[in-house]
Amino acid sequence: QSNATTRALRSPFEILPPETFAGVFVLIFATIASAGIGAASNRLMFVRNYIIFFALVAMLAVVFPIGYGYDTLIHEAAVRAVLLQNEISPLPVLYGGAYSILTLAAQFLPFSLENIMRFFVPVLAAFFLPLFAAFKTAPEDQPFILPILLIVPLIFVTFTTPYHLALIFFFGLVTLVFRGTRGELIWIGLPLIGASSAIHLLVGIPALILFSAALWPKLKQYSLSATIIGSLTLPAVFIIRGLLTSKLPVFVLSKQKFLELIPNLPFATTFRPLEDLVYFCGVLALLLLIGLIIKGFFQTSKELQRPLLIVAGAFLGSGLLLSFMEIPDIIGYEQSDFPRRLFFLAFLTLLPGVLSAGARQLRLSSIAPARTKVLAAFLLLSMLGTSRWYFNFPRRDRHEVNKGFTVSTADLTAAHWILKDGLARPFVVLAPQTISAALIRSGGFPATISRPEDAILPYSIPTGGELYQIFLEMSSVPKDSTVKKAAVLTGRQRIYF
């Protein structure tokens, strides 16, 4: 019943009025126009960029005061456990660095942990991304960096997770590879690699691959071998993980797996003016980015082109391999997250070139003698930026429906009631991820249920676990026999559904 509440949403656009698009369009147009006429001084430009960037990426933090998404609340509960107990067991190898940073922030900043988790990555990204993007860019092009940055996929800075936090440091390394000296790459790049590795190992490994390719000039002699080895690195991590957990991934070559790699094209049989315009602009933005990737690559120094191809090729190869792997303890619709992350890392590796090429072209367009054409270019880019802003957030429209609901006050109420009612004896909860997240946020991490082969939580997480599959069965057709499965699996008789 909790998902029926109006506070349990799949997308912020379910409550934002259409006029919001007009406001975003005006903000982006004003940003482009001020760059074109040189309205902002160098001193004010950074402050302006910070405010505008933050305003455009912090919507989830503002719209969802409880916090967006399941992952964020689980990480919040882990940080709270560290704050209360000064430790967490077992050690989260992938997230230890992120938890350390967030714990220090909670101890020394005058904000609640809930607000820190909501705003940490958007605030950090608003400060560092425009700064990194403008690093050693030609002074005349710097005012135009932000408008190009706003047509780039920025979903990774809209809410706080260790992976998103690590990507900020990864982008800093990428800009050093493009524009820094060898000394800067070593002395600044190594701390960035260390930070990204400590925060999220699956970002740290690609960072190390990029760093090695940039510093090893002879690598271009072994480009094919290096690309193949790089492509195998991350799939090998999952295989080693499977050997350690007795849950080996399986390679599946099927038509369905191949079709999942092809993005859905925005075709529909009914006409909705605003939605169709946004998706049409999204296609134009994608084509523009492809053009800027090509142009930016060929404007890059020849010494750097081969290492960039090797690294981007390795990320794309790893993504393709993972696309055909089935990881046993991850639910089906989440299997595609890992390949998408690698495809995005390939794009992020080339992003400084995209920004430089785009900023230079926008500057040249702004000084064209035909002012009507300049205005048309600014209006078009503002429309593309507005559509990209829409795509940066979870959606619920004819073309895409975000699968998860946000945690609501009703979820928290249900969690409090279960925790209070279940004090008498151990219990199990068959419920959606939102209820499980609310339970962990309200009561902390519960004691695991030990079994000969492993240990499981009494909640229906992770989504690839056996208890979640039982919950799905109960959601489909509630039966006593299904409840008994949960009792047999966990050895507990009190079960909430």
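Predicted model: local features only at pLDDT ≥ 70, side-chain atom pairs only at ≥ 80, totals over all residues.
Trainee: Which elements have the lowest and the highest mean pLDDT?

Mentor: Take the whole chain before its parts. The mean pLDDT is 81, and 87% of the residues reach 70 or more. Among the elements, helix H12 (residues 255-260) is lowest, with a mean of 63. Helix H8 (residues 162-179) is highest, at 91. Over residues 1-6 the pLDDT is below 50. Beyond near neighbours in sequence, that stretch has 12 contacts in the model.

Trainee: How do I look for empty space?

Mentor: Rolling a probe the size of a water molecule over the atoms shows where empty space is left. Now take one open case. The second largest pocket has a volume of about 590 Å³.

Trainee: Which residues lie nearest the centre of the second largest pocket?

Mentor: Val 177, Phe 178, Thr 300, Ser 301 and Leu 304, out of 30 lining residues. Elements giving two or more residues to this lining include H8, helix H13 (273-299) and helix H14 (302-323). H15 gives the most, with 5 residues. By class, the lining has 13 nonpolar, 9 polar and 8 charged residues.

Trainee: How many cavities of 30 Å³ or more are there?

Mentor: The count comes to 5. The largest cavity holds about 80 Å³ of space. Its lining is Tyr 163, Leu 202, Leu 234, Phe 238, Leu 322, Phe 338, Arg 341, Leu 342 and Leu 345. Helix H11 (223-245) and H15 each give two or more of these residues. H15 has the largest share, 4 residues.

Trainee: How does the lining of the largest cavity divide by class?

Mentor: Into 8 nonpolar, no polar and 1 charged.

Trainee: Which residues line the second largest cavity?

Mentor: Ile 28, Leu 56, Val 57, Leu 150, Leu 154, Gly 385, Trp 389 and Asn 392. The space there is about 50 Å³. Helix H2 (42-57) and helix H16 (371-391) each supply at least two lining residues. The classes are 6 nonpolar, 2 polar and no charged.

Conventions:
Residues numbered from 1 in each chain as written. Heavy atoms only, no water. pLDDT = per-residue confidence, 0-100. Contact = heavy atoms within 4.5 Å. 1 Å grid on protein atoms, 1.4 Å probe; cavity = no way out; pocket = protein on both sides within 12 Å on 5 of 7 lines; lining within 4 Å. Points joined across faces, edges and corners; volume = space filled by probe spheres on them. Nonpolar A, V, L, I, M, F, W, Y, C, P; charged D, E, K, R; others polar.
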